[in-house]
Structures are given as C-alpha cells and as structure tokens.
Amino acid sequence: MEIQSVKLVYFSPTGTSKAIVHAISQGIGCNVVETIDITNSKIRKQELKLTEKDLLIFAVPVYMGRVPALLNNFIQSIEASNTPAVCVVVYGNREFDDALLELRNLLTERGCVPIAGAAYLGEHSFSIKDYPIAEGRPNQEDLDHAQGFGRIIAEKLQTITNYSLMDTIDIPGNMPYKEGTKLWDVDFIEVSDDCLQCGVCAEICPVEAISFDNSRIIDIEKCITCCACIKSCPKSARSIKPSPVMDAAIRLNTNFSHPKDPELFV
C-alpha cells in the first residue's frame, strides 16, 4: 500500500534511538517525514493521531528489560487506524528482554499494525571511560544496517494490500512480562567545580529532574538514570560517583563485553 508520510517517534536521551530511526527512515526513502521527539516532556503531553496512510516508526531505549514506564501516558494517547508500524528498541549490549514484545503489544492496542521490529545496540547510559559498555554504538556499520532495514520495510510495504489481514509479527519475549522494571532512586551524580551553571543539563533532562537555578540540585525521585546530563555537559563537570550505578557499570562492562549484532523481525 502507498504511504503518504513517515512519523518518526522516539525517546532518546543520549541520541542513540534517534540515530537509528533516522537511518531507517533514510532507507525507506519517503519524501514526507515528521519527527516527534518524545524525549521532550512537553511533546509527550501531545496526542498523536495516525491513519493507514502513515507509517509509524517508534523507537525506545530498553529500561530494565521493558519499555520506559514514563512513556505509558503518551502511548495510551495514540489514536491509530490500521496504521503500519515499525517497533524498534535500543539496548546497551545486555539483553532487550521483553521490551520489543511490549512495544509491539502497546502499539497494537492503539490501532497500529506492526509490520516489522528490530533491536539495535546503543552505548549504555552507564558507559564511562574506565568501564565502557557498547561504546560508540550505534556505529557506522549499525547505521548502514538500519538503512538496509529501511529498504526491507519499503519492499514489504509494496506487497501489502490490506493491513487488517496481516499476521502479527513474531517477537521473542515473556508473557506476562518480567518483573523488576522500577528504576532506582539513587544519588549517583557528582558535579565538579568545573560546572558553569550553563543550564544545558537542566534543558536536556527528559523528566525535569535538574534545577534550572542550581544544576547541582537533582530530584532523585524524578531521575531515570539516563545520564543524558553527564554525556551532554560541555565542561565534563558531571560524572558517576561511587554508587549502585557505578557498581552496575562495572558489572555490565565485565559480563557483557562481547559486541552483539542487531536483530530484525519482519
């Protein structure tokens, strides 16, 4: 069936999910592309209405093996009608667990018809110089792979005559989903004297957990440990201090050092 526009929806605090969906979009080659960056809390409050003439590409990072819970309200606001959808998760070289299956199911419930799914690698939010985890991912090879995935999607779209008659794409995972998705409420960020109070960290925080008046003040109950503030600081004034987050970085670096490859489900 003919697609009139592509909607790129992504939650991407450190830019990895964003890079993947844009590469997929390039491979599809549609001239009309709309970007909806739900990393921004204001954008997450907007509703999304879709038709069968749209193609939705929805990408999220994997949090504790699941779709980030803070996206539930946005996803529940989606109004779709037989809208073809591509489900994408990005994970930090451990496992994507139930996240891709959950995303497929959530979008199906909103009226989408998932036609493809993928799990890509992205540098883990806890990755640091001494303990790198999927460092530099997605790399150029990943992005080339994502473009190729886009071409596969474009070819599949040409063969579909009725989305409502399509079989559900087979995605690995557990039903019911695994437990343990609650994020940590933990004080793990150290701010050095190099901090200029420029406000970049507060601006980029997807949950408004950092004070604009004093960036040393962090609401740990709001914080989702995405580390966007650390990775975006122009003075490298923020770092992970000894904490459960540092302990997790060491474990991930030790136990999941072998690079994994993207997985496609079409």
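# A sheet with helices, pockets and cavities

The second largest cavity is lined by Cys195, Leu196, Gln197, Cys198, Gly199, Cys201, Ser215, Cys233, Pro234, Lys235, Ala237 and Arg238. A cavity here is a set of points on a 1 Å grid over the protein atoms alone where a 1.4 Å probe fits but cannot get out, and lining residues have an atom within 4 Å of a point. This is a predicted model, in which local features need pLDDT of at least 70 and side-chain atom pairs count only at pLDDT 80 or more, while totals for chains, interfaces and linings use all residues. Residues are numbered from 1 along each chain as its sequence is written, and side-chain values use heavy atoms, with hydrogens and water left out.

## The enclosed spaces

How many cavities of 30 Å³ or more does the structure hold? There are two of them. The largest cavity has 15 lining residues, and Cys205, Ile210, Cys223, Cys226 and Cys229 are the ones closest to its centre.

## The open spaces

A pocket is an open set of points with protein on both sides within 12 Å along at least five of seven lines. The largest pocket is lined by 32 residues, and Val62, Met64, His124, Ser125 and Phe126 lie nearest its centre. Helix H1, strand E4 and helix H8 (244–255) each supply at least two residues of this lining. Which of the elements gives the most to it? That is H8, with four residues. Helices (H or I, at least four residues) and strands (E, at least two) are DSSP runs, numbered from the N terminus.

The second largest pocket is lined by 14 residues, of which Asn40, Ser41, Glu203, Ile204 and Cys205 are closest to its centre. Helix H2 (41–44) and helix H6 (200–204) each provide at least two of the lining residues. H6 has the largest share, with three.

| Space | Volume | Lining residues by class |
|---|---|---|
| Largest pocket | about 620 Å³ | 16 nonpolar, 12 polar, four charged |
| Second largest pocket | about 260 Å³ | six nonpolar, four polar, four charged |

Ala, Val, Leu, Ile, Met, Phe, Trp, Tyr, Cys and Pro count as nonpolar, Asp, Glu, Lys and Arg as charged, and the others, Gly among them, as polar.

## The sheet

Now look for the strands. Six of them form an open sheet in the order E2-E1-E3-E4-E5-E8, with mixed pairing. Strands E2 (33–37) and E8 (263–265) stand at the edges with a single partner strand each, so one side of each has no neighbour in the sheet. Two strands pair if DSSP finds at least two bridges between them.

Strand E1 (residues 5–10) runs parallel to E2, and five bridges join the two. You can find one of these by looking at valine 6, whose bridge partner in E2 is valine 33. E4 and E5 also pair in the parallel sense, over nine bridges. Among the residues of this pair, tyrosine 91 has leucine 121 in E5 as its bridge partner. Is E5 mostly covered or uncovered? E5 is mostly covered, and 10 of its 10 residues are buried, where buried means under 20% relative accessible area with a 1.4 Å probe, protein chains only.

Nine of the 11 residues of H4 are buried, including Leu100, Glu102 and Arg104. The buried residues of H4 pack against E3, helix H3 (72–76), E4, E5 and E8. After H4 comes glycine 111, which has a positive phi near 105°.

In helix H5 (residues 140–159) you will find aspartate 142. What does its relative accessibility make it, buried or exposed? Aspartate 142 counts as buried because its relative accessibility is 3%. Leaving aside residues up to four places away in sequence, aspartate 142 touches Tyr120, Leu121, Arg137 and Pro262. Leucine 121 is also the bridge partner of tyrosine 91.

Conventions:
Points joined across faces, edges and corners; volume = space filled by probe spheres on them. Buried < 20%, exposed > 50% of the residue type's maximum accessible area, 1.4 Å probe, protein only. Contact = heavy atoms within 4.5 Å.
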